[in-house]
Amino acid sequence: MPTPTKGARLGGSPAHERLILANLAASLFEHGRITTTETKAKRLQPLAERLITKAKRGDIHARRQVAKVIRNKTVHVRDAEGDAKTIVHRLFTEIAPAMAERNGGYTRITKVGTRKGDNAPMAVIELVLEPVSPKQAVVKEATKAAEKAVKAEAPVEETPAEETKED
């Protein structure tokens, strides 16, 4: 059994908190970014990243685990052909492939000030859909080039160098 979080819960009861976080995650995957309080955004971030990691696996077990959390079966997105897509389907077919090169850090929280009514600190949580930084891409390219160079040098025989030593 997981250890309960310290302090007050978001909704009052653990079940209500799970429902709030599931609805926030569904909205995040549907719209790509949402504005909420800092507390809710900080609580949503690990849940959303776990769901994206499961979606990257792509198997049926992962899809069922994600569907347990995001229970919203309403069709929210229609693609160019007019086919209906649920939020879980969009997570597995659009968001997870976009995050394939990332090893975590799928979401970003940006503080945006306070709410006018009650002065609550607000934040925007959004999916990081930009490609991985060019520095990491260059490092991967350099390692591939080094591996290719090692493979190219392997068939070369060193017998002529030995013959010159004997002469």
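This is a predicted model: local features need pLDDT of at least 70, side-chain atom pairs count only at pLDDT 80 or more; totals for chains, interfaces and linings use all residues.
Together, β4 and β5 form a hairpin, and six residues lie between the two strands. Within the turn, N119 has a positive phi of about 65°.

## T36 in strand β1

A further strand, β1, spans residues 33-37 and contains T36. Is T36 buried or exposed? T36 counts as buried because its relative accessibility is 8%, and the cut-off for a buried residue is under 20%.

The surroundings of T36 can also be described. When its neighbours within four places in sequence are left aside, T36 is in contact with L24, A41, M122 and A123.

## The largest nonpolar core

The largest nonpolar core has 29 residues. Which of them touch the most other members? They are F29, L44, I52, I70 and L91. Several elements each give two or more residues to this core: the helices α1 (14-31), α2 (38-57), α3 (60-69) and α4 (87-98), together with strand β5 (121-127). Strand β5 is therefore a part of the hairpin described above that also contributes to the core.

Leaving aside the neighbours of I52 within four places in sequence, its contacts are F29, L91, I95, M99, Y106 and L127.

## Aromatic rings

How many aromatic pairs does a search of the whole structure find? The search finds zero. An aromatic ring does, however, lie beside a charged residue: R63 is placed over the face of F92, at 4.4 Å from the ring centre.

## The protein as a whole

The secondary structure of the protein consists of six helices and five strands. Read from the N terminus on, the order of the elements is α-β-α-α-β-β-α-β-β-α-α.

The protein has 167 residues, and 28% of them count as buried. Its accessible surface comes to about 11500 Å². Carbon and sulfur atoms account for 54% of that surface.

The contacts can be viewed in terms of distance along the sequence. Among contacts between residues at least 6 apart in sequence, 54% join residues that are at least 24 apart.

Technical notes:
Residues are numbered from 1 along each chain as its sequence is written. Side-chain values use heavy atoms; hydrogens and water are left out. A nonpolar core is a set of buried Ala, Val, Leu, Ile, Met, Phe, Trp, Tyr and Cys residues joined through side-chain atoms within 4.5 Å. Buried means under 20% relative accessible area, exposed over 50%, partly exposed in between (1.4 Å probe, protein chains only). Helices (H or I, at least four residues) and strands (E, at least two) are DSSP runs, numbered from the N terminus. Contact means heavy atoms within 4.5 Å. Rings of Phe, Tyr and Trp (its six-membered ring) pair if their centres lie within 6.5 Å; planes under 30 degrees apart count as stacked, over 60 as edge-to-face and the rest as tilted. A charge sits over a ring if NZ of Lys or CZ of Arg is within 6 Å of the ring centre and within 35 degrees of the ring normal. Accessible areas come from the Shrake-Rupley method with a 1.4 Å probe; for residues, only the protein chains shown count as cover. Two strands pair if DSSP finds at least two bridges between them.
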